[in-house]
Amino acid sequence: MNENPEIGLEDFAVSSPGAMAWRRLKLNRAALVGAAVLAALYMTALFGSFISPYDPAARDYGAPNHPPTLPRFVDEYGKFRMRPFVYGMKMTDPVSQRWEYDFSRKYPLRFFVPSEPYKMWWVIPMRTRLTGVDLPGVLALFGRDSVGKDVFSRVIEGGKISLSIGLVGITVSLLIGMLMGSLAGYFGGWWDVAIMRVVEFLLSIPSLYLIIALRAYFQTQGVFGIGGSQVNSSQMYLIIVVILSLIGWAGQARVIRGMVLAIKETDFVMAERALGASTLRIITRHILPNTMSYVIISATIAVPGYILGEVALSYLGVGIQEPQVSWGIMLEDAQSLSAISNSPWLLFAPASLIFITVFAFNFLGDGLRDALDPKHRR
Amino acid sequence: MLRLVLRRLLESVPLLIAISLVTFFLLFHTPGDFLAALRLDPKISTEFLNRETERLGLNHPWHIVWLRWLWGVVRHGDLGHSFTYKIPVASLIGARVCNTFLLALTSTLFAWAIAVPLGIIAAVRQNKLADRIASAVAFLGLSIPAVLLALVAVYFAAVTGAFPTGGMRSDTYFMLPSAWERMKDIGRHLILPTFVLGMGGLAIYTRQMRSNLLETLQADYVRTALAKGVSYRAAVMRHALRNALNPMITLFGFAFSDLLSGAFLVENVMAWPGLGRTTIEAYMSKDLFVVAASVLMASVMLILGNLLADILLALNDPRIRYE
């Protein structure tokens, strides 16, 4: 039967759609760069407490508005040094808080330096940080703010909130969107009418106006019994995630409903129904998996929306509250004209991080769309 | 066409009522009210506070306040009084709505005027240098959030002094000699906010325009046109472009929502006296009717924007009939 006995069926490469998508994604350099940048950002946030050289909340009244100083390898005589160092700086004008280099003082960069005790991931007690310089030197990679808090450490600390809000927000809103979309699409009738009216309602209020109103409501009423009249800053985090998700699911639900409407008429769903499969099984095993490529793409593209939502709210003063730090809060600190013109690093440190994150997500999302959706041509 | 407009307007009425209901509900379940600050002051008597509560109509449950307000809106077109400014809400936010509308209009024009030619160039010269540059610009514009761009614009204005750092008018506006000078003054203040708000739309429109045109250029009628001797230029501009514009107009309707939310932020960063800025101020001081009217107005603008997109779509494409 087999004319060429050496070649068996197992010798043919059988690629699953997932493997094919992965191969296409690997060819897309921009998407890979995006993914790598995101991995680095999230890892930095995860190990943030260890990586940041200072306690992000610690004030240093000796170094207000200290400009950024990057570690150098070449000293003032042009001599190369193996161990990088930072120059000391002295304040020349206490009124305008101008700083100048003091070339007589050098502080070598040290690794695994002892520090004041802190907790890693809220549990592990630690007394070591990754880098630091000897006192009274200042390792201000991104500068200091007006009360001498280290901006680099604050950017890392803020990243924990800003980066995680994106992931948590998209997860919650996708879950709601998938549930509502498949209910409306699969069952139709009253389910469809009711859910789609809510979706239309949510989509016809300009989102920021609705977010502002919801934010005020949850502050007093709390979410799922958490919060209430006394909302502390970490509960505010939860409230913001819930608000962003409560608004974000509408768009997802509308698209998923459309897809479900098409998929439920296909032959394989008909066959499954004829075999007597339960509705739950049909939806979870056959219909939702077929919406997966859309879900993955739209999740990647939507994450920046949540990050920016937090930034917008915190910037307007109704988001994350001090003493917690987020990139939005840092922007709010930087909004005054004097801050912008005298210590622009307060603006540019969080701004560039936000920009890089959004850029990386867009790159990755674009690549995923090309990889997962063969019909989509650019 | 007229029937479409009427039907859409009628359909939006229950939606607007629902929006105002939700706004009132949410605002009444928030901590404190407009008099909260006065209550803390021991020098202010309880009788006075009670009288004030009654005068402002806040002594009723929220749904009564809402119904009364709604009745006023329907019956007399009265949006209520601002607690803070003690003037009718309509005259307070009327000018603000116009300012937001002006900003939205200029930034939309800015975005379209650049995006459509840029998209055409990118599509016609697919994968050439011009296309790559256009794509890079679009990608950059898409990734810079409006808040950031606004802050950087303010930084730019503060450092160079080339543009005003915020607001809509100079301090000397009312002393300017002629209407022309005043218009120029507002125009100078408009440049940066327009640029900031237009950037986001610019990126989306360029990418969309490019892929639409690429798709229509593959169509048989373009090949036919080329085959019967129409110049490439005419085939693109007269035959393909018009069909490629259709999805853009639909996109305009969707983008209007983003435009309003973007304007909300840009107004707050750049001190543009528009609806978004008024809303957040009124929200902070719990100026109930101002917030309710602002949310309502923003929703009305959104609905009108979508309606406008539908009308434009029908005008551009005779095949589309809404019946």
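**Figure 1. Helix α5 and helix α11 of chain B.** In chain B of this predicted model, the axes of helix α5 (residues 89-124) and helix α11 (residues 275-284) come within 8 Å and cross at roughly 135°. This angle makes α5(B) oblique to α11(B). From α5(B), the residues Ile93(B), Arg96(B), Val97(B) and Thr100(B) take part in the meeting of the helices, and their partners in α11(B) are Leu275(B), Gly276(B) and Thr278(B). By residue class, this contact of α5(B) with α11(B) comprises 3 nonpolar, 3 polar and 1 charged.

**Figure 2. Helix α6 and helix α8 of chain B.** Helix α6 (residues 129-143) of chain B packs against α8(B) at an angle of about 140°, and the two axes lie 7 Å apart. The arrangement of α6(B) is therefore oblique to α8(B). The two helices, α6(B) and α8(B), form a left-handed crossing. On the side of α6(B), the residues that meet α8(B) are Asp131(B), Ser135(B), Ala138(B), Phe139(B), Gly141(B) and Leu142(B). On the side of α8(B), they are Met199(B), Gly200(B), Ala203(B), Ile204(B), Thr206(B), Arg207(B) and Arg210(B). The residues of this contact of α6(B) with α8(B) fall into 6 nonpolar, 4 polar and 3 charged.

**Figure 3. Helix α7 and helix α8 of chain B.** Helix α7 (residues 146-160) and helix α8 (residues 179-217), both of chain B, have axes that come within 9 Å and cross at roughly 155°. Angles over 145 degrees count as roughly antiparallel, and α7(B) and α8(B) are therefore roughly antiparallel to each other. The crossing in which α7(B) passes α8(B) is right-handed. Ala146(B), Leu149(B), Ala150(B), Ala153(B) and Ala157(B) supply the α7(B) side of the contact, while Leu192(B), Val196(B) and Met199(B) supply the α8(B) side. The contact of α7(B) with α8(B) consists of 8 nonpolar residues, with no polar and no charged ones. Met199(B) of α8(B) belongs to this contact and also meets α6(B).

**Figure 4. The interface of chain A and chain B.** Contact between the chains involves 40 residues of chain A and 44 residues of chain B. Between them, chain A and chain B bury about 3900 Å², and carbon and sulfur atoms account for 78% of this area. Within chain A, the residues that lose the most area to chain B are Phe201(A), Tyr209(A) and Tyr315(A), which together make up 17% of what that side buries. The number of salt bridges between chain A and chain B is 0.

**Figure 5. Chain B as the setting of the helix views.** Chain B contains 12 helices and 0 strands. Read from the N terminus on, its elements follow the order α-α-α-α-α-α-α-α-α-α-α-α. The C-alpha trace of chain B spans about 85 × 55 × 40 Å along its principal axes.

Technical notes
Residues are numbered from 1 along each chain as its sequence is written. Chains are lettered from A and ligands numbered from 1 in the order in which they are written. This is a predicted model: local features need pLDDT of at least 70, side-chain atom pairs count only at pLDDT 80 or more; totals for chains, interfaces and linings use all residues. Side-chain values use heavy atoms; hydrogens and water are left out. Axes are lines fitted to C-alpha atoms, for helices over the stretch in contact, and angles run from 0 to 180 degrees between N-to-C directions. Helices (H or I, at least four residues) and strands (E, at least two) are DSSP runs, numbered from the N terminus. Angles under 35 degrees count as roughly parallel, over 145 as roughly antiparallel, 65 to 115 as roughly perpendicular and the rest as oblique. A crossing is left-handed if the near helix is turned anticlockwise from the far one by less than a right angle, and right-handed if clockwise. Contact means heavy atoms within 4.5 Å. Ala, Val, Leu, Ile, Met, Phe, Trp, Tyr, Cys and Pro count as nonpolar, Asp, Glu, Lys and Arg as charged, and the others, Gly among them, as polar. Buried area is the accessible area (1.4 Å probe) that two parts lose on being put together, summed over both. A salt bridge is a side-chain nitrogen of Lys or Arg within 4 Å of a carboxyl oxygen of Asp or Glu.
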